[in-house]
Amino acid sequence: MNARNITAYGGGILFGFGLAYSGMTRSEIVLSFLRLDDLGLIFVMGGAAVVTFVAINVVPKFMKAPALGGTFRPRVSVLTRNTLIGAAIFGTGWGISGLCPGSAVASLGTGNWPIIAGLTFMFLGAYLRGRFIRDGN
Amino acid sequence: MFPLGIEPYLIGGIIIGLGVSIIYILTGLHATQSSFFTTTLSWFSKLPHFQDKRNIGERDWRLVLCLGLISGAVLYTFTLSPSGMFVTGVDPWRLALGGLLVGFGTRLSNGCTSGHGISGLASLSTTSLYAVITFLGFGIITAHLLEFMGVS
């Protein structure tokens, strides 16, 4: 294990703990958000985004580069048709299952075994995207 | 609007943000989730899409990140969880069909709730903002349609 992987593991523990603590590992809670019965999910994504905003936009004013090497680069990308078509397809699947990639993975750690079906089909979907859609647009 | 209060959501979100931030400050990496499927498939598929140099370079730490996510959820389950383990009651066909669309859609969109919703918004990316509005909109419409059709 190199320093990068140890960091990813440690940060991942916090990420997974937070997902479980906030109930995002439960499809039922995510679906109740999407039915607009419980708007708490806004605070999960918002709280996480605000903290991460500080790390991405403020911390680099005081540090030249990441402590273990590499460079600070915000996560920006070009808007394409696929960005929006993909987001629409993702949103539809999210509304059907209450699953998103991170919450599904973390959910395994809560003993939520039926989620294995969801994860298997996520891999299949990611494979089909690579198999049938051309890159670079 | 908030039958369970906002504290668990806000505190959980802050903990997630701390995890993402520590990884970024130490390594410059964006701890996003859906890329994990593509980078992991690079071990199994010879298609050029998966054999992209960037996927190969990222596949080890992304797998380790996911092991971290599972470990963190295990930790929660055996410490603070009021009800211990949790098994969903959502129908398997919904998990499977939804999962298929989630896997395909997030990889087509280059991001999910964490890539666009956390790291992208935190980077003030307008691309991510449009993606978030789109997946939120379609998620809300779909969940309401299913409820309207009496699917539970």
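Q: In what order do the elements of chain B run from the N terminus on?
A: The elements of chain B run α-α-α-α-α-α-α from the N terminus on. In total, chain B has 7 helices and 0 strands. Helices (H or I, at least four residues) and strands (E, at least two) are DSSP runs, numbered from the N terminus.

Q: What kind of model is this, and how is the numbering set?
A: This is a predicted model, in which local features need pLDDT of at least 70 and side-chain atom pairs count only at pLDDT 80 or more, while totals for chains, interfaces and linings use all residues. Residues are numbered from 1 along each chain as its sequence is written, and chains are lettered from A and ligands numbered from 1 in the order in which they are written.

Q: And chain A, how many helices and strands there?
A: Chain A has 6 helices and 0 strands. Its C-alpha trace spans about 45 × 40 × 35 Å along the principal axes; for chain B, the C-alpha atoms fill a box of roughly 45 × 35 × 30 Å.

Q: What share of each chain counts as buried?
A: In chain B, 57% of the 152 residues count as buried, and in chain A, 58% of the 137 residues do. A residue is buried if 20 or more other C-beta atoms lie within 10 Å of its own, exposed if 12 or fewer, and partly exposed in between, with C-beta atoms placed from the backbone.

Q: Now the contact. How many residues does each chain put in?
A: The contact takes 106 residues from chain B and 106 residues from chain A. Two residues are in contact if their C-beta atoms, placed from the backbone, lie within 7 Å.

Q: Which helix of chain B gives the largest share?
A: Helix 1 of chain B does, with 20 residues of the side that touches chain A. By class, that side of chain B has 63 nonpolar, 39 polar and 4 charged residues. Ala, Val, Leu, Ile, Met, Phe, Trp, Tyr, Cys and Pro count as nonpolar, Asp, Glu, Lys and Arg as charged, and the others, Gly among them, as polar.

Q: Is helix 1 of chain B mostly covered or mostly uncovered?
A: Helix 1 of chain B is mostly covered, with 17 of its 21 residues buried. Just after this helix, G28(B) takes a positive phi of about 80 degrees.

Q: How do helix 4 of chain A and helix 5 of chain B cross?
A: The axes of helix 4 (residues 81-97) of chain A and helix 5 (residues 92-109) of chain B come within 7 Å and cross at roughly 160 degrees. Axes are lines fitted to C-alpha atoms, for helices over the stretch in contact, and angles run from 0 to 180 degrees between N-to-C directions.

Q: What does that angle make them?
A: It makes helix 4 of chain A roughly antiparallel to helix 5 of chain B. Angles under 35 degrees count as roughly parallel, over 145 as roughly antiparallel, 65 to 115 as roughly perpendicular and the rest as oblique. The residues of this contact divide into 13 nonpolar, 11 polar and 1 charged.

Q: And how do helix 1 of chain A and helix 4 of chain B cross?
A: The axes of helix 1 (residues 3-21) of chain A and helix 4 of chain B come within 6 Å and cross at roughly 40 degrees. That makes helix 1 of chain A oblique to helix 4 of chain B. The residues of their contact divide into 19 nonpolar, 9 polar and 2 charged.
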